[in-house]
Amino acid sequence: MAVWLLTEAAERDLDSVMSYLAQNRGLSCIDSVIEVILDHFDLLAAHPFAFSADGNDRRHSVIPRMPYRITYRYVGEADEVRIMAVTHTRRRWPRHKPHL
Amino acid sequence: MFNVKLHLVPASDKAIGFEVVNAIKLPKLRSLVAADLVGDVEVVGRRGGWVIRVITGEASPPVLAAATGAIRVFTTADSAIQQLIRLGITRFQVIADEYESGTLRASRPDRAVALTQMAEYDAWLKAKLDGVDAGMNAGTEGMLSSDEARRRVHERLLHYKAGRHKG
């Protein structure tokens with residue numbers, strides 16, 4: 001089974017998710033949402049090929065019943081799933097230039 | 001040639017500014033063409049498009065209709081001509097006396113905005129992922145092991161909870 005690694009960019013995404021939930025959904029749901037996302041990372045590590053790669057060899061997975069899309073790259077030599085981004089599928093995207 | 005009993009359907013669409021009494025659907029027109037029973041055909045310009053009128057000798061020549069019965073309005077004369085060619089009709093008249101340019105469908109600025117936003121989002125996401133990729137390739141993008149990531153995420157959770165309790 002592959003292992004998953006979280007990029008700093010994806011960690012920032014997770015922090016944005018927590019910040020948004022804290023401000024708009026209350027604290028009670030943060031734990032469960034974050035646990036579902038982290039468990040999904042485990043699932044991706046167990047089945048890295050479950051989602052087809054796009055032209056840039058990135059894979060995208062939408063968490064069932066949740067509005068979050070995980071973008072990851074599977075590195076075969078290292079048997080690693082590298083989580084690149086956690087984005088909201090229905091988010092109003094930023095009008096400003098993103099910090100990359 | 002015109003002594004043919006056409007099975008015409010009442011036209012259900014008069015929104016094109018065209019007093020239509022009868023309409024003919026494509027399969028019927030195709031069978032008439034195949035039987036060489038069609039006389040003249042006209043491509044007639046109306047408001048926002050073109051219709052195909054079949055001259056049958058009747059007082060109210062039928063106009064080509066869609067399967068729903070609504071008059072079929074082609075956005076361009078070219079598309080109407082292509083339809084006629086597919087039917088095997090290569091000679092016809094084009095009457096543009098009453099043609100008015102414009103669109104039949106109301107504009108959808110909301111869809112235009114949505115499509116623009118979608119394109120912006122795609123560009124934003126691509127730039128973000130390209131940046132992460134570049135960082136990984138250059139070795140500048142830090143990566144946390146799953147255990148370390150879980151620990152840090154739970155730390156942040158506590159931070160948010162503590163912040164809310166203080167507030």
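Leaving aside its neighbours within four places in sequence, which residues is Val132(B) in contact with? They are Thr7(A), Ala9(A), Met84(A), Ala85(A) and Glu141(B). Contact here means C-beta atoms, placed from the backbone, within 7 Å.

This is a predicted model, in which local features need pLDDT of at least 70, side-chain atom pairs count only at pLDDT 80 or more, and totals for chains, interfaces and linings use all residues. Residues are numbered from 1 along each chain as its sequence is written, while chains are lettered from A and ligands numbered from 1 in the order in which they are written.

**The two chains**

- Chain A has 2 helices and 4 strands. Helices (H or I, at least four residues) and strands (E, at least two) are DSSP runs, numbered from the N terminus.
- The order of elements in chain A, from the N terminus on, is β-α-α-β-β-β.
- Chain B has 4 helices and 7 strands. From its N terminus on, the order is β-β-α-β-β-β-α-β-α-β-α.
- Of the 100 residues in chain A, 33% are buried. For the 167 residues of chain B the figure is 21%. A residue is buried if 20 or more other C-beta atoms lie within 10 Å of its own, exposed if 12 or fewer, and partly exposed in between, with C-beta atoms placed from the backbone.
- Take the contacts in chain A between residues at least 6 apart in sequence: 51% join residues at least 24 apart. In chain B, 62% of such contacts join residues at least 24 apart.

**Helix packing in chain A**

- Helix 1 (residues 8-24) and helix 2 (residues 28-46) of chain A have axes that come within 9 Å and cross at roughly 155 degrees. Axes are lines fitted to C-alpha atoms, for helices over the stretch in contact, and angles run from 0 to 180 degrees between N-to-C directions.
- Helix 1 of chain A is therefore roughly antiparallel to helix 2 of chain A. Angles under 35 degrees count as roughly parallel, over 145 as roughly antiparallel, 65 to 115 as roughly perpendicular and the rest as oblique.
- From helix 1 of chain A, Leu14(A), Met18(A), Leu21(A) and Ala22(A) take part in the contact. They meet Cys29(A), Ile30(A), Val33(A), Ile34(A) and Ile37(A) of helix 2 of chain A.
- The residues of this contact are 9 nonpolar, no polar and no charged. Ala, Val, Leu, Ile, Met, Phe, Trp, Tyr, Cys and Pro count as nonpolar, Asp, Glu, Lys and Arg as charged, and the others, Gly among them, as polar.

**Nonpolar cores**

- The largest nonpolar core has 27 residues. Such a core is a set of buried Ala, Val, Leu, Ile, Met, Phe, Trp, Tyr and Cys residues joined through C-beta atoms within 7 Å.
- Ala10(A), Ile83(A) and Met84(A) have the most contacts inside the largest core.
- Both chains contribute: strand 1 (3-7), helix 1, helix 2, strand 3 (68-75) and strand 4 (80-88) of chain A, together with helix 3 (109-138) and helix 4 (146-166) of chain B, each supply at least two residues of this core.
- Neighbours within four places in sequence aside, Ala10(A) is in contact with Ile83(A), Met84(A), Ala85(A) and Val86(A).
- A second, separate core of 17 residues includes Ala23(B), Val38(B), Val41(B) and Ile52(B).

**Interface**

- In all, 28 residues of chain A are in contact with 26 residues of chain B.
- On the side of chain A that touches chain B, strand 1, helix 1, helix 2 and strand 4 of chain A give two or more residues. Helix 1 of chain A gives the most, with 7 residues.
- That side of chain A divides into 19 nonpolar, 3 polar and 6 charged residues.

**Buried residues in chain B**

- Val132(B) lies in helix 3 of chain B. Val132(B) counts as buried because it has 23 C-beta neighbours inside 10 Å.
- Leu29(B) lies in helix 1 of chain B. Leu29(B) is buried, with 23 other C-beta atoms within 10 Å.
- The C-alpha atoms of Leu29(B) and Val54(B) are separated by 8.6 Å, and the two residues are 25 apart along the chain.

**Positive phi**

- Arg65(A) has phi near 60 degrees, a positive value in a residue other than glycine. Arg65(A) sits in the loop between strand 2 (59-62) and strand 3 of chain A. Arg65(A) counts as exposed, with 6 C-beta neighbours inside 10 Å.
- Asp36(B) has phi near 55 degrees, a positive value in a residue other than glycine. Asp36(B) is in the loop between helix 1 (26-34) and strand 3 (41-46) of chain B.

Note on methods
Contact = placed C-beta atoms within 7 Å.
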